[in-house]
Amino acid sequence: MSEPGSTGSLVVSGEELAAITDRLGREITEDHPEGIVLVGLLKGSVCLAADLVRSIEVSCSIDFLCLTPYGAGGQRVHLSKDLDVDVTGKDVVLAVDIVDRGLTVSYVHRLLTERGARSVDVCALLDRRVKRLLPVELRYVGRTIGEEYVVGYGLDLDERFRNLPDLRVIDPQQMKHAPPASVELLFER
Ligand code: IMP
Ligand code: MG
């Protein structure tokens, strides 16, 4: 059994994630009787969007955006997958895995607003307020977390661990040098 906060320790269980997405779906349903477009921000929101869409009980279309970092240190992003749906005049709920510095959400919020969405509400599974650089309004929040880096339920470290069914702490420095097989053993299923 690992200490809370150490590598591999559980942050949010699969059962808790199900309860969180049920609650978020209910809140979105109550606030949007006229229906929404649910926009998932890939790839981290893939599990969140899939669970949310099944707990939303108003008219709901779903689409995805993907931002890919490029340039030195991945400081810039480009849109590597754009929306197919026209959001003009629509009420959009943007589903994101985690809001950290707030840069990603600010960028996408502005993009959707410039495209003529009537409203854009952010639904964040995780809110890491301690790292915020840009102020962002989060209408729906699953859980607030501290500085620990987390993986699972869609969240990755260098494209790994998105397939874990729950959220766990990881030490990115420690993982860089660990062989893949030993790393998977850290995560009991
Ligand atoms: P922001 O632009 O700094 O708010 O970064 C948000 C993005 O960084 C998220 O959508 C994630 O893709 C990634 N990210 C930030 N913190 C974590 C983490 O703890 N685990 C996995 N991905 C993270
Ligand atoms: Mg990532």
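The model is predicted, and local features need pLDDT of at least 70, side-chain atom pairs pLDDT 80 or more, whereas totals for chains, interfaces and linings use all residues. Residues are numbered from 1 along each chain as its sequence is written, and side-chain values use heavy atoms, without hydrogens and water.

Select residues 14-31 (α1) and 46-55 (α2): they pack at about 55°, with axes 8 Å apart. Axes are lines fitted to C-alpha atoms over the stretch in contact, and angles run from 0 to 180 degrees between N-to-C directions. Helices (H or I, at least four residues) and strands (E, at least two) are DSSP runs, numbered from the N terminus.

Next, display the contact (heavy atoms within 4.5 Å). Among its residues are Leu 24 and Ile 28 of α1, and Leu 48 and Leu 52 of α2.

Move to Lys 43, in the loop between β2 and α2. The peptide bond from Leu 42 to Lys 43 is cis, with omega near 0°. Then select Tyr 153, in the loop between β8 and β9 (167-170); its phi is near 50°, a positive value in a residue other than glycine. Most residues other than glycine have a negative phi, and most peptide bonds are trans.

Finally, turn to the largest pocket, which holds about 1400 Å³ of space. A pocket is an open set of points on a 1 Å grid over the protein atoms alone, where a 1.4 Å probe fits, with protein on both sides within 12 Å along at least five of seven lines; lining residues have an atom within 4 Å of a point. Of the 38 lining residues, Pro 69, Arg 101, Thr 104, Tyr 149 and Asp 156 are the closest to its centre.

Conventions. Chains lettered and ligands numbered in written order. Points joined across faces, edges and corners; volume = space filled by probe spheres on them.
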